[in-house]
Amino acid sequence: MTLEFVASLLVMLYLLFFLLRDGDELNARIRDALPLRASHSAEILHAFTLAVRGTIKGIILVALIQGALGGVIFWLLGLTAPLLAGALMALLSLLPVLGSALVWLPAGLYLLVAGSVTKGIILLAFGTFVIGLADNFLRPILVGQSIRMPSYIVLLATLGGLAAFGANGFVIGPLVAAMFLTAWQVFVRSKEQQEVRK
């Protein structure tokens, strides 16, 4: 899984270089290729941009919040290097599936084995029910506000994306939902305008 992540990261960085370099030209080609009016194409592409920014911003904010929560619980329990643990949890929260659990889970299990049963149980419970679930509760809210989509639709889109695309569904699901809703609004407005002209 780590090898796959590193390979995907390298491919993303490679493609990002060319997208930043040739982005304007690609944008113009996409607009020309869409079989829609210029105003509709601009609206759909604008919604796509908002969805990408909102999704990435939501992922980063949730990772920072999870890292902060992890650092605080390490500090409250008197564990060593709470800042380092929090920073690691924030970084690993960007990884799908396990994420921040790669830090708090081994630490909690170590505390149980080392004899600090109370601290171990508190850390494991806090990690499971606060740090782990923060992603499920905060991501729909943060992403939904950024892309102007209700949080329940973001939640359903994220779950559907996970079911259809695996870990990449965290990003793909809300993007597809945002594009669908925008296209729907464009077509509804277009139909209303045609009816008014009649």
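## Exercise 1: A serine in a loop

Leaving aside neighbours within four places in sequence, Ser93 is in contact with Ala63, Gln66, Gly99 and Ser100. Please keep in mind that this is a predicted model.

**Task.** Where does Ser93 lie, and is Ser93 buried or exposed?

**Solution.** 
- Step 1: Find the place in the chain. Ser93 belongs to the loop between H3 and H4.
- Step 2: Check the accessibility. Ser93 has a relative accessibility of 11%, and the cut-off for buried is under 20%, so Ser93 counts as buried.
- Step 3: Look at the side chain. From Ser93 it reaches the backbone oxygen of Met89 at 2.6 Å.

## Exercise 2: A partner of the serine

**Task.** Gln66 is one of the residues in contact with Ser93. Which residues does Gln66 touch, not counting those up to four places away in sequence?

**Solution.** 
- Step 1: Gln66 sits in helix H2.
- Step 2: List the partners. Gln66 touches Ser93, Ser100, Ile131, Gly132, Ala134 and Asp135, once residues up to four places away in sequence are set aside.
- Step 3: With a relative accessible area of 6%, Gln66 is buried.

## Exercise 3: An alanine with a positive phi

**Task.** What is the phi of Ala81, and where does Ala81 lie?

**Solution.** 
- Step 1: Most residues other than glycine have a negative phi.
- Step 2: Turn to the residue itself. Ala81 is not a glycine, yet has a positive phi of about 55 degrees.
- Step 3: The loop between H2 and H3 holds Ala81.
- Step 4: Check the accessibility. Ala81 counts as partly exposed, at 39% relative accessibility.

## Exercise 4: Sequence distance and space

**Task.** How many Å separate the C-alpha atoms of Arg139 and Leu61, and how many those of Gly108 and Leu20?

**Solution.** 
- Step 1: Take Arg139, which is found in helix H5 (residues 117-146). Arg139 and Leu61 are 78 residues apart along the chain, and their C-alpha atoms are separated by 8.5 Å. Arg139 is buried, with a relative accessible area of 7%.
- Step 2: Take Gly108, which is in helix H4. Gly108 and Leu20 are 88 residues apart in sequence, and 43 Å apart in space from C-alpha to C-alpha.
- Step 3: Look around Gly108. At 0% relative accessibility, Gly108 counts as buried. Gly108 touches Gly120, Leu123 and Leu124, not counting residues up to four places away in sequence.
- Step 4: Arg37 is in the loop between helix H1 (2-33) and H2. Arg37 and Leu138 are 101 residues apart in sequence and 37 Å apart in space, again C-alpha to C-alpha. Arg37 counts as partly exposed, at 40% relative accessibility.

## Exercise 5: The chain as a whole

**Task.** How many helices and strands are in the protein chain, and what radius of gyration does the protein chain have?

**Solution.** 
- Step 1: Count the elements. The protein chain has seven helices and zero strands.
- Step 2: Find the radius of gyration. The protein chain has 21 Å, whereas a compact globule of 198 residues would be near 16 Å.
- Step 3: Look at the extent. The C-alpha trace of the protein chain spans about 80 × 35 × 25 Å along its principal axes.
- Step 4: Consider burial. Of the 198 residues in the protein chain, 33% are buried.
- Step 5: Finish with the contacts. Among contacts in the protein chain with a separation of 6 or more, 57% come from residues 24 or more positions apart.

How values were computed:
Residues numbered from 1 in each chain as written. Predicted model: local features only at pLDDT ≥ 70, side-chain atom pairs only at ≥ 80, totals over all residues. Heavy atoms only, no water. Helix = DSSP H or I, 4+ residues; strand = E, 2+ residues; numbered from the N terminus. Buried < 20%, exposed > 50% of the residue type's maximum accessible area, 1.4 Å probe, protein only. Polar contact = N/O pair within 3.5 Å; in protein donor to acceptor, adjacent residues only side chain to side chain. Contact = heavy atoms within 4.5 Å. Rg over C-alpha atoms; globule rule 2.2 N^0.38 Å.
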